[in-house]
Amino acid sequence: MTDMKPFLSDNAAPVHPKVWEAMRDADFADSPYDGDALSAQLDERFTDLFGRDCAALWVATGTAANCLALATMCQPHGGVVCDEEAHIEVDEGGAPGFYLHGAKLMLCPDGFGGEGAKLTPDGIAALIDPIRPDVHQVQPHAISITQASEYGRAYSRNELAALGGFAKERGLGLHMDGARFANAAAFLGGSAADAAHGVDSLAFGFIKNGAMSAEAVVLFDPEQAALVKYRRKRAGHLQCKGRYLAAQILAMLDGDLWLDNARHANAAAQEIASGCGERLMHPVEANEMFVRLSPEERETLRGQGFAFYDWGADAARFVTAWDTRAEHAQALGQAIATL
């Protein structure tokens, strides 16, 4: 990878120096588990960030963050509505079924009113309205959306308001997978509150954006925190030295580092997108680009030192990160433009 221009994944990016510094500063004796001084700050810091009461718990992975949040909303006999491309369906190895004790994922196709792996109230209604309200069919208990979506699309505040209103009307919980929440918030203008408007819980992603091993489960009903703490322990995610996870999260929140990092990644993505033209499969609203490229064209780019994933037979995915070098982004945009 040292000779490559890396666009495989923001998961491959290094840890931000300020995060390392914060972990070193936390390297002293303190209460174990989540009884330390740093973990005690999380609720207040996230309440300030979102402008409404919330509770926040650290976990080590986005999969755990998503599933622990969903477990507060969905009983084992119920279902969670999500897009057919949702990470909880495609890339979490059946973890929702494990954590939710067999609850069903109810998949909404893009053709149901949404696009770019985004859900709409009409699309959800088309999926769940035919379900009979009896014990013979799985009933929906929650909705899960991804911000930014699996195709890099951002839900606007108005779109979230519509989904939140629909969820309340139908008595459903609204969960947000925020693996790239920072990138969506940066695209929408920088407001965390707007980017999570109306949701009941959020898996706030930090690892893709510069942290090492810490994500946050943010609960906008703080009373749910007590339940999630038991579930976190039972799931094996109550780390005995939790202060190091809290330190990472607080470092990312300090001075809006989470937002600055996302803005850098988004700017690099826009630089690349400027060279893609009609090859782009989706508008670029975060730090992912899905580009139509033949196998021969992909090999040409790899021969020039660019690292990325194939996306089906005739496309590729490129992902920028907080540390993407401007010259690498410019070079990739130019290389695609000249194919």
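**Entry 1: helix H13 and its surroundings**

I began at the end of helix H13, which is followed by Gly305, a residue with a positive phi near 100 degrees. The model is a predicted one: local features need pLDDT of at least 70, side-chain atom pairs count only at pLDDT 80 or more, and totals for chains, interfaces and linings use all residues. I noted that residues are numbered from 1 along each chain as its sequence is written, and that side-chain values use heavy atoms, with hydrogens and water left out.

Helices (H or I, at least four residues) and strands (E, at least two) are taken as DSSP runs, numbered from the N terminus. I then asked which residues of H13 are buried. In this helix, residues 295-303, they are Glu297, Arg298 and Leu301; buried means under 20% relative accessible area, exposed over 50%, and partly exposed in between (1.4 Å probe, protein chains only). Viewed down the axis of H13, the buried residues fall within an arc of 100 degrees, so they line one face of the helix. The arc is that of the directions from the helix axis to the C-beta atoms. An α-helix has 3.6 residues a turn, so residues three or four places apart point the same way. Glu296 and Gly303, on the other side of H13, are exposed.

I looked up what covers the buried residues of H13: the cover includes strands E9 (288-292), E10 (306-307), E11 (309-310) and E12 (315-319), together with helix H14 (326-337). Contact here means heavy atoms within 4.5 Å.

**Entry 2: the sheet of three strands**

I found an open antiparallel sheet of 3 strands in the order E9-E12-E11; two strands pair if DSSP finds at least two bridges between them. E9 and E11 are at the edges with a single partner strand each, so one side of each is left without a neighbour in the sheet. Between E11 and E12 I recorded 2 bridges in the antiparallel sense, and Asp310 has Ala316 in E12 as its bridge partner.

**Entry 3: the sheet of seven strands**

A further open sheet has 7 strands in the order E2-E8-E7-E6-E5-E3-E4, with mixed pairing. Its edge strands are E2 and E4 (104-108), each pairing on one side only. The twist averages 25 degrees from one strand to the next. Helix H10 (residues 225-234) packs on the sheet, touching E2 and E8, and its direction makes about 10 degrees with that of E2. Axes are lines fitted to C-alpha atoms, for helices over the stretch in contact, and angles run from 0 to 180 degrees between N-to-C directions.

How many residues of strand E8 are buried? I found 5 of the 5 residues of E8 (215-219) buried, so the strand is largely enclosed by the rest of the structure. Glu215, Val217 and Leu219 lie on one side, and Ala216 and Val218 on the other.

E8 pairs in the antiparallel sense with E2 (residues 55-59) over 5 bridges, where Leu57 has Val217 as its partner. E7 (residues 201-204) joins E8 through 4 antiparallel bridges, with Phe204 opposite Ala216. E3 (residues 78-83) and E4 pair in the parallel sense over 5 bridges, and Cys82 stands opposite Leu107 in E4.

**Entry 4: the whole chain**

I recorded 14 helices and 12 strands in the chain. Of its 339 residues, 53% count as buried.
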